[in-house]
Amino acid sequence: MYGFNQDKNNMLSVLENLTASNPDEIAVQLARDFKKRRIEKNITRRQIAEISGVAVSNISRFEQKGLISLGNLISLAIALGYTSEMKSLFSEPKYSTMEELLQIRKNSSKKKAYSKNEKD
């Protein structure tokens with residue numbers, strides 16, 4: 001019975017990650033995941049605040065509401081050992097169509113994006 005529930009929870013987690021598409025849902029999911037990783041390592045909010053330099057009040061707000069600055073999120077990620085994951089967030093191109101992939105390849109050496117009607 002435990003195996004079934006564990007599989008069911010894992011499937012629900014995967015489905016939830018696939019359907020979270022707005023910024024608020026993603027922020028709340030990040031906060032839940034952060035709190036879970038912090039607790040797994042048996043680190044209190046006060047301890048992670050000391051390690052990261054992020055105020056306890058900011059950590060509480062993040063865990064409860066998903067609200068945090070990018071700088072504080074990076075500091076918390078580093079404190080829990082997720083430096084490489086933060087660094088690699090936008091490191092690889094993402095595409096959903098062959099046309100998009102061809103556009104990425106065509107523009108891979110460009111330094112700026114231009115609209116057909118824009119010069120800047």
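Biologist: What should I know about the model before we start?
Modeller: It is a predicted model, in which local features need pLDDT of at least 70, side-chain atom pairs count only at pLDDT 80 or more, and totals for chains, interfaces and linings use all residues. Residues are numbered from 1 along each chain as its sequence is written, and side-chain values use heavy atoms, with hydrogens and water left out.

Biologist: How much space lies in the largest pocket?
Modeller: About 740 Å³. A pocket here is an open set of points on a 1 Å grid over the protein atoms alone, where a 1.4 Å probe fits, with protein on both sides within 12 Å along at least five of seven lines. The volume is the space filled by probe spheres set on the points, which are joined across faces, edges and corners.

Biologist: Which residues lie nearest its centre?
Modeller: Gln29, Leu30, Asp33, Leu73 and Met86, out of 22 lining residues; a lining residue has an atom within 4 Å of a point. Two or more residues each come from helix H2 (23-40), helix H5 (70-79) and helix H6 (83-87). Helices are DSSP runs (H or I, at least four residues), numbered from the N terminus.

Biologist: Which helix gives the largest share of the lining?
Modeller: H2, with 7 residues.

Biologist: And how does the lining divide by class?
Modeller: Into 15 nonpolar, 4 polar and 3 charged residues. Ala, Val, Leu, Ile, Met, Phe, Trp, Tyr, Cys and Pro count as nonpolar, Asp, Glu, Lys and Arg as charged, and the others, Gly among them, as polar.

Biologist: Turning to packing, at what angle do H2 and H4 pack?
Modeller: At about 120 degrees, with their axes 7 Å apart. Axes are lines fitted to C-alpha atoms, for helices over the stretch in contact, and angles run from 0 to 180 degrees between N-to-C directions.

Biologist: Which H2 residues meet H4?
Modeller: Ala27, Val28, Leu30, Ala31, Phe34, Lys35 and Arg38 meet Ile59, Phe62, Glu63 and Lys65 in H4, where contact means heavy atoms within 4.5 Å. By class, this contact has 7 nonpolar, no polar and 4 charged residues.

Biologist: How do the axes of H3 and H5 cross?
Modeller: They come within 9 Å and cross at roughly 100 degrees. H3 and H5 are therefore roughly perpendicular, a term for angles of 65 to 115 degrees.

Biologist: What meets what there?
Modeller: Ile48, Ile51 and Ser52 in H3 meet Ser75, Leu76 and Ala79 in H5. That contact has 4 nonpolar, 2 polar and no charged residues.

How values were computed:
Angles under 35 degrees count as roughly parallel, over 145 as roughly antiparallel, 65 to 115 as roughly perpendicular and the rest as oblique.
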